[in-house]
Protein chains: 2
Amino acid sequence: MDSSQEDRPGMGISAALAYLSKSPGKRLRPQLLIAAARAIGNARGESLAAAPAEAVELIHTYSLIHDDLPAMDDDDMRRGRPTLHVAFDEATAILVGDGLQAKAFELIASEEQLTAQQRVDLVACLARASGFEGMVGGQGMDIEATQQTLTVEQLKNIHALKTGALITAALVMGGIVGQASPDQKATLKAVGDKIGLAFQIIDDVIDVRSDSTTLGKTAGKDAAAGKSTYVALMGLEAAETAALDLYEESVALIKNWGVEADVLRELLARMVKRDR
Amino acid sequence: MDSSQEDRPGMGISAALAYLSKSPGKRLRPQLLIAAARAIGNARGESLAAAPAEAVELIHTYSLIHDDLPAMDDDDMRRGRPTLHVAFDEATAILVGDGLQAKAFELIASEEQLTAQQRVDLVACLARASGFEGMVGGQGMDIEATQQTLTVEQLKNIHALKTGALITAALVMGGIVGQASPDQKATLKAVGDKIGLAFQIIDDVIDVRSDSTTLGKTAGKDAAAGKSTYVALMGLEAAETAALDLYEESVALIKNWGVEADVLRELLARMVKRDR
C-alpha cells in the first residue's frame, strides 16, 4: 500500500474508474430518464433528474462489465476498447461492477433536491429492474439458454428482463422525478416495454450487418456463441419490420402528449433508426 | 428454457439461492442491527428492523460469494460447504451476488413500516458502507496488498473498510430504525469501528488456532496466500490483547445506556469471545 502503487498502471479500482470515464458510451438510459421527466411537463423535472439519470447509467455500466467477464459472455472489446477485465484484471472488474451498483443507490438516496418519497420510489424501481426479477434474472436465463434453440416468445421473455427492464425503469424513473400521475407512469412503462424490445431486435439486426470496427464490440458474436437472435429466428427483414412496428406503437402511446414530449419522441426514433 | 432445466442440478439462479438458504451462517450483522434498534429504547424499533437487518445480511452474503471467486480470494469452502462457484459455476456466483445486492436495497426501499426518510437514510448508509469508500474499496486494497508486508496501521485501514464498514453500518442502521439522536448514532458508529476491528483481529487469531473442520472454511489460508495478518504482525498474544482492549472500549461507550442495550452488550462480547 505504498504510495507508488497508485501510480502503477493496470492496478487499482481508481485507475479502472478513470479508464471507464474515458469511454462514456451513448448514455441512452440517462437520456431516456431525463426526457421522460421533461415529457411530464414538470418545469423542475429535468434539473432534478441528474442524479437518478447517473444512477441508471451506473447500473447499466456495471452490468456490461460483469457480462463481459470470461465466466459470462467473455467479451474482449467494448465501446471500441479492451473490456475492463482485459485492460485490468478480473478481480478489478468484479469489484468495480459491485461498487458501481452501490454507488447508483447511494446517488439516489443522497439527492436532497428530491423528496424522500421520490428517492424511495426511485430506489425501489431501479433495484427491482436490475435484480433477480429484472436484468440479473434475464442475464441468468440468457446464459442458460446458450446453445439452445429458443422460440421468439422465449427470446422476448429473456430480453424483456435482460435489457428491457432497465430501459423501462429509466422511463418510469423519469416519471417519478417529474411527479407523473399513475396513468402517466403506466404509459411510460408501456412505452419502455415496446421500445426496449424494438431496441434489442435492432441490436441483432445491426450485429448481423456490421463489422467490429463500426460496432465497437465484437460483431456477429451472439450467433457465433450459440445464442438465439431475432434475425436467426425471424429472418432479417421480418425482424426489422417487427422492431419498427413496436417503435410506431410506442410513439402512438404518447401521441396526445404535448411538445414537452418531443425530446422523448426523438430519442425513441433514434433507438430504432441507428447508424448501421 | 424448457421446464426440465429447472430440475437440472447445478444450473440456475433459483437453485443457487436455495443452496444458499440452507447454510444461513451466524447472521451477526442483522443481529447487531436489531440489537442496536432495541438499545435505543424505541419500543417499535425491534419489529421495524427486520427488513434492514435482512438487507445488511444480503450485502454480507453477496460479498462473501464474490470474494470467494477464483479471480478474488479463490476459496473452495464456506460455512462448511463448497462455495457457490464450486457448487454451481462462476457465472451463477457473479449473478447471484449482483442480484443479492439489488435485493438488499429493494427490501429497504419497500419497507412501508418505516418512514420514507428512514428508508432513504438506511439506503444511503448501507450503500456507502458497501461501496468504493467501504467494503468494495477495502477488498480492492486487500487484493492489491497480497504478497506485500504491511504495517499494523495499513492492515487496520484495509480492514476498517473491508469488514469494519458493514459492521458499523449495521449498528448505525439500527440507530436509524430506532430513531436514535445524532449523539446516539455517533456512539453506535464508534462502537462499530472498535468492535469491527476487534472482530477482524480475533478472526486472524482463530484462523491460526483452528483447523478447517471447526472453521467451516479453509484454515490458515490468509497467511498461506501471502496476506498480512494481525497475528503475523503483532504476535498471537498481543493480537488477542489488542482485540480484548478494543472490545472493552466499545462496551465502555455504552456503559450509561440502559438494560435495553443488554442484548447489544452480549453480542459485542460474543464477537471477541468466540468458540475456537
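Guide: What follows is a chat about the terms used for this structure and the values behind them.

Guide: First, some ground rules: this is a predicted model, where local features need pLDDT of at least 70, side-chain atom pairs count only at pLDDT 80 or more, and totals for chains, interfaces and linings use all residues. Residues are numbered from 1 along each chain as its sequence is written, chains are lettered from A and ligands numbered from 1 in the order in which they are written, and side-chain values use heavy atoms, with hydrogens and water left out.

Visitor: Why is His60(A) called buried?

Guide: Buried means under 20% relative accessible area, exposed over 50%, and partly exposed in between (1.4 Å probe, protein chains only). His60(A) comes in at 12% relative accessibility, so it counts as buried.

Visitor: Which residues is His60(A) in contact with?

Guide: Contact means heavy atoms within 4.5 Å. Leaving aside neighbours within four places in sequence, His60(A) is in contact with Arg29(A), Arg79(A) and Leu166(A). His60(A) itself sits in helix H4 of chain A; helices (H or I, at least four residues) and strands (E, at least two) are DSSP runs, numbered from the N terminus.

Visitor: What makes Glu57(A) and Arg79(A) a salt bridge?

Guide: The rule asks for a side-chain nitrogen of Lys or Arg within 4 Å of a carboxyl oxygen of Asp or Glu. Here the N to O distance is 3.8 Å, so the pair passes that rule. Glu57(A) lies in helix H4 of chain A and Arg79(A) in the loop between strand E1 (77-78) and strand E2 (81-82), so the pair ties together parts that are 22 residues apart in sequence.

Visitor: Are those two partners buried or exposed, or in between?

Guide: One of each of two kinds: Glu57(A), at 4% relative accessible area, is buried, while Arg79(A), at 29%, is partly exposed.

Visitor: How many salt bridges are there over all chains?

Guide: A search of the whole structure finds 28. Across the interface of chain A and chain B the rule finds 4.

Visitor: What makes Arg128(A) and Glu106(B) one of the pairs that cross between chains?

Guide: Their side chains meet in a salt bridge at 3.2 Å, N to O. The pair runs from Arg128(A) in helix H7 of chain A to Glu106(B) in helix H6 (residues 90-109) of chain B. Arg128(A) has 40% relative accessibility, so it counts as partly exposed, and Glu106(B), at 11%, counts as buried. Lys103(A) and Glu133(B) also meet in a salt bridge, at 4.0 Å.

Visitor: How much area is buried between chain A and chain B?

Guide: About 4100 Å², with carbon and sulfur atoms giving 69% of that. Buried area is the accessible area (1.4 Å probe) that two parts lose on being put together, summed over both. The contact takes 52 residues from chain A and 51 residues from chain B.

Visitor: Which residues touch the most other members of the largest nonpolar core?

Guide: Leu32(A), Leu126(A), Leu32(B) and Leu126(B), out of 180 residues in that core. A nonpolar core is a set of buried Ala, Val, Leu, Ile, Met, Phe, Trp, Tyr and Cys residues joined through side-chain atoms within 4.5 Å. Leaving aside neighbours within four places in sequence, Leu126(A) is in contact with residues including Val56(A), Phe105(A) and Met173(A).
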